[in-house]
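Student: Before we look at the model, could we go through the terms used for it and check each one against its cut-off?

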Amino acid sequence: MIKWLLRRRLAEFERSFNYDVSYTREILDASPRALLALGRIKALATYRRDVPKNAYYTAKLVAARNEDCGPCTQLVVTMAERAGVPSDMLRAVLARDERAMNENVALGFRFTEAVLAHAPQADDLREEVMRRWGKRALVSLAFAITAARLYPTVKYALGYGKACTRVSVGGTPLPVRRQAA
């Protein structure tokens, strides 16, 4: 019964987001408990307090792009669009065009990039995040970055990773720049 219910929920997610969940079906076949454990990550992945929505989704998008410039990145774009993040901001993040970002998006972008690179600038950017939005916002960004990296890592470990592909924002496909020019 539990497998039937989980399969149904996976199929709903797959249809809703046009996202291949084959890797989760493999986990379910191996162990329903393992899939339930992975599902517990949702609380971490969706925690957002005090941080602007645009900055939050920017952190998720930068982290996902860092791990996978294909289906997982597209999933974050789709979720951000559904949450109301403007397409021009998502395009700017994917193109790494800070001049086209608003202040909140630019801070989320620079902070996430510095964290992923373990760069010394992360310290100053962390202070700016806390000054602007507070400690809960910092925790929210930390969780967003971590969760966005987890799913692509699981997919690649299970052999479901995909090569870089174009990502569609607002119905327009565009290439993804993973590294600075």
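Tutor: A helix here is a DSSP run of H or I with at least four residues, numbered from the N terminus. Keep in mind throughout that this is a predicted model. In that sense S140 is found in helix α10, which spans residues 135–157.

Student: Why does S140 count as buried?

Tutor: Buried means under 20% relative accessible area. S140 has a relative accessibility of 0%, and therefore counts as buried.

Student: What does the side chain of S140 lie beside, and what makes that a polar contact?

Tutor: A polar atom of the S140 side chain lies 2.7 Å from the backbone nitrogen of R49. The cut-off for such a pair of N or O atoms is 3.5 Å, with one able to donate a hydrogen and the other to accept it, and the distance of 2.7 Å is within that limit. Leaving aside residues up to four places away in sequence, S140 touches Y47, R48, R49, V51 and Y56.

Student: What makes T73 buried, and where in the chain is T73 placed?

Tutor: T73 belongs to helix α6, residues 71–82, and with a relative accessible area of 0% T73 is buried. Setting aside residues up to four places away in sequence, T73 touches L61, A64, R65, D68, L94 and V167.

Student: How do you know that the buried residues of α2 share one side of the helix?

Tutor: The buried residues of α2, which covers residues 22–30, are Y23, T24, I27 and L28. They cover an arc of only 145° around the axis, which puts them on the same side of α2. As background, an α-helix has 3.6 residues a turn, so residues three or four places apart point the same way. The buried residues of α2 pack against α1 (2–17), α3 (32–39) and α10.

Student: What describes the packing of α5 with α8, and which hand does their crossing have?

Tutor: Helix α5 (residues 53–67) and helix α8 (residues 103–117) pack at an angle of about 35°, with 8 Å between their axes, and their crossing is right-handed. From α5 the contact takes N54, A55, T58, A59, V62, A63, R65 and N66, and from α8 it takes N104, V105, G108, F109, T112, E113 and L116. By class, the residues of this contact divide into seven nonpolar, six polar and two charged.

Student: What are the corresponding values for α5 and α7?

Tutor: Helix α7 (residues 87–95) packs with α5 at an angle of about 35°, and the axes are 10 Å apart. The crossing of α5 and α7 is right-handed. T58, L61, V62 and R65 of α5 meet L90, V93 and L94 of α7, a contact with five nonpolar, one polar and one charged residues.

Student: Where do D50 and H118 lie, and why is D50 called partly exposed while H118 is called exposed?

Tutor: D50 is in the loop between α4 (41–46) and α5, and H118 is in the loop between α8 and α9 (121–133). Exposed means over 50% relative accessible area, and partly exposed covers the range between that and the 20% cut-off. D50, at 41%, therefore counts as partly exposed, whereas H118, at 68%, counts as exposed.

Conventions. Residues are numbered from 1 along each chain as its sequence is written. This is a predicted model: local features need pLDDT of at least 70, side-chain atom pairs count only at pLDDT 80 or more; totals for chains, interfaces and linings use all residues. Side-chain values use heavy atoms; hydrogens and water are left out. Buried means under 20% relative accessible area, exposed over 50%, partly exposed in between (1.4 Å probe, protein chains only). Helices (H or I, at least four residues) and strands (E, at least two) are DSSP runs, numbered from the N terminus. The arc is that of the directions from the helix axis to the C-beta atoms. Contact means heavy atoms within 4.5 Å. Axes are lines fitted to C-alpha atoms, for helices over the stretch in contact, and angles run from 0 to 180 degrees between N-to-C directions. A crossing is left-handed if the near helix is turned anticlockwise from the far one by less than a right angle, and right-handed if clockwise. Ala, Val, Leu, Ile, Met, Phe, Trp, Tyr, Cys and Pro count as nonpolar, Asp, Glu, Lys and Arg as charged, and the others, Gly among them, as polar.
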